[in-house]
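User: Hi, I'm just starting out with protein structures. Could you walk me through this one, question by question?

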Amino acid sequence: MTASDPKQLFRPELSELSPYLPHAGTYAIRLDANEAPPLSNPTARERLARAAAATAWERYPDATQHALREAIARRCGVLPDQILVGVGSDEIIALLLTTLAPPGNDSHRIGVLTLEPTFVMYRLSARARGLKVHEVPLDAGWDLDEAATLKAVEALEPLVIFVASPNNPTGTMVTPERLTRLVEAAPRSLVMIDEAYVDYASRNQLDFLHRYDNVAVLRTLSKVGFAALRVGWMIARADLVAELDKVRLPYNLPSVSQALATIALTELAAEIDATCRLVIEERQRVTAALARMPGIRPTESQANFVWFETERNAGDLFAALGQRGILVRSFHGRGGRLERCLRVTIGTPEQNSAFLSALEDCLSP
Ligand SMILES: *Cc1c(COP(=O)(O)O)cnc(C)c1O
C-alpha cells in the first residue's frame with residue numbers, strides 16, 4: 001500500500017496556515033508576547049506551590065469547573081452560569097467557531113468579520129474550520145472605521161464579529177459610540193468583544209453585555225501574570241454559554257490550572273492589581289520616552305504594550321534591537337502601513353529602561 005499525500009485528506013484552507021511558533025533565539029530581554037512581569041511576592045509563589053502539591057493526581061479535573069467559575073463570576077460581577085472557561089481564550093474562540101451554522105451555498109453570509117490589524121487567532125481559527133473571514137482596516141487613528149465596517153456588516157452579515165478592545169497590536173480601544181452603532185447594526189451577528197487587556201484599560205465594556213443580546217465578552221489570565229495556566233473565559237448570556245458548553249471537551253481544563261487560577265482570582269487578586277498598576281505607570285514612562293525620540297511615534301495605549309511607528313524600516317530597527325539582546329514584535333512583514341510599526345511589551349522597570357536605552361543607541365547616528 002502506498003502512503004497517500006496527507007494534503008488530500010485535509011481541508012484546502014490548511015495550505016494557508018503554518019504552525020504558530022513564538023520567535024526562536026536567545027534574548028536577554030523578551031518583550032514580544034505581552035506577558036506580565038513575574039509574580040515577585042515570595043509568599044504568593046509559595047501559596048501556589050502548596051496548592052499545586054495538593055492536587056489529586058489520579059482524579060479527572062472538575063468537569064463543571066465549579067470553584068473557578070464562581071471565582072470568575074464574583075470578580076467580574078456576573079453569574080457563574082454566564083461563564084464558559086477554556087484552555088485560554090483561544091479555546092473559546094475555537095469552540096465558538098466550531099459551533100457556527102454552515103452559511104449554506106447560496107447565502108451571502110460569511111463566518112467571521114474582524115478588523116485589521118488585530119489578534120491573528122480569529123482568522124487562523126476560522127480558516128482552520130473552513131470559514132470565510134473578512135477584515136476591515138482600522139482608521140488612521142487605529143479606531144474602528146465606522147462607515148467601512150457597517151457597510152461590510154450589511155453586505156456580508158457575518159455570523160461572528162470579533163472586536164478586540166483594547167486591540168492587539170495597537171493598544172487602542174474602540175470609541176464606545178462606534179461600538180454601540182456596530183452592535184446595533186448587526187442584530188443577526190454575535191459581537192465578541194475581546195477584553196484580553198481590560199485590566200490595563202481605563203474602562204471595560206461589560207455594559208454592552210447587559211444592554212444587548214448579541215454581545216459576548218472574552219477575558220483571560222494570560223496577560224496579567226498567569227499565562228502558564230492557560231485559563232480564559234467567555235462572559236455571555238446563560239443560554240449562549242449552555243450551547244457552547246455542549247462542544248467543550250470534557251475535562252478540558254487541568255486540575256492544576258483550575259485550582260491555581262481560582263487562587264489567583266481570589267487570594268491573589270491584590271497581587272494582580274498591583275502588577276497592573278505598576279505596568280500602567282511604566283507604560284506612561286515608556287510612552288513619554290518614546291515620544292521624545294527622533295522619528296518615533298508611539299500610540300497612546302490602554303494595554304500592557306506600546307505600539308509605535310518609526311521613520312526607518314521596522315525590520316532594521318527590530319534587528320538592531322535584537323543584536324542588543326532585546327526582542328520586540330515587528331510588523332514589517334505585513335506590508336502596507338504596518339511596515340514601519342513595532343510593538344513592545346511593558347516589562348519590569350529594569351527591562352523597560354534597558355529597552356529604551358537600546359533603542360536610543362539604535363537611533364543615534
Ligand atoms: C493574548 C490575547 C488573547 C489571549 O489568549 P489566551 O488563549 O487566553 O492566552 C486573546 N485575545 C487577544 C486580543 C490577545 O492579544
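Predicted model: local features only at pLDDT ≥ 70, side-chain atom pairs only at ≥ 80, totals over all residues.

User: Where is P169 found, and is P169 buried or exposed?

Analyst: Helices (H or I, at least four residues) and strands (E, at least two) are DSSP runs, numbered from the N terminus. P169 belongs to the loop between β5 (160-164) and α6 (176-185). Buried means under 20% relative accessible area, exposed over 50%, and partly exposed in between (1.4 Å probe, protein chains only). P169 has a relative accessible area of 1%, so P169 is buried.

User: Which residues is P169 in contact with, leaving aside its neighbours within four places in sequence?

Analyst: Contact means heavy atoms within 4.5 Å. With those sequence neighbours left aside, the list for P169 is P117, T118, F305, W307, F331 and R343.

User: P117 is on that list. What kind of peptide bond runs from E116 to P117?

Analyst: P117 has its place in the loop between β3 (112-116) and α4 (121-128). Omega for the bond from E116 is near 0°, and the bond is cis.

User: Which residue does a cis peptide bond join to S165?

Analyst: Look in the loop between β5 and α6, where P166 has its place. Omega is about 0° for the bond joining S165 to P166.

User: How far away is the nearest side chain of opposite charge to E91?

Analyst: E91 lies in helix α3 (residues 88-99). For charges, Lys and Arg count as positive and Asp and Glu as negative, while His and the chain ends are not counted. A salt bridge is a side-chain nitrogen of Lys or Arg within 4 Å of a carboxyl oxygen of Asp or Glu. E91 is buried yet has no salt bridge, and the nearest side chain of opposite charge, R248, is at 7.1 Å.

User: How many aromatic pairs are there?

Analyst: Rings of Phe, Tyr and Trp (its six-membered ring) pair if their centres lie within 6.5 Å; planes under 30 degrees apart count as stacked, over 60 as edge-to-face and the rest as tilted. By that rule, the count is 8.

User: What is the distance, centre to centre, between Y60 and Y251, and how many residues apart in sequence are the parts that the pair ties together?

Analyst: The rings of Y60 and Y251 are stacked, with 10° between the planes and 4.3 Å centre to centre. Y60 lies in the loop between α1 (42-53) and α2 (66-76), and Y251 in the loop between α8 (238-245) and α9 (255-265), so the separation in sequence is 191 residues.

User: Is N34 buried or exposed?

Analyst: N34 has a positive phi of about 60° although it is not a glycine. The relative accessible area of N34 is 1%, so N34 is buried.

How values were computed: Residues numbered from 1 in each chain as written. Heavy atoms only, no water.
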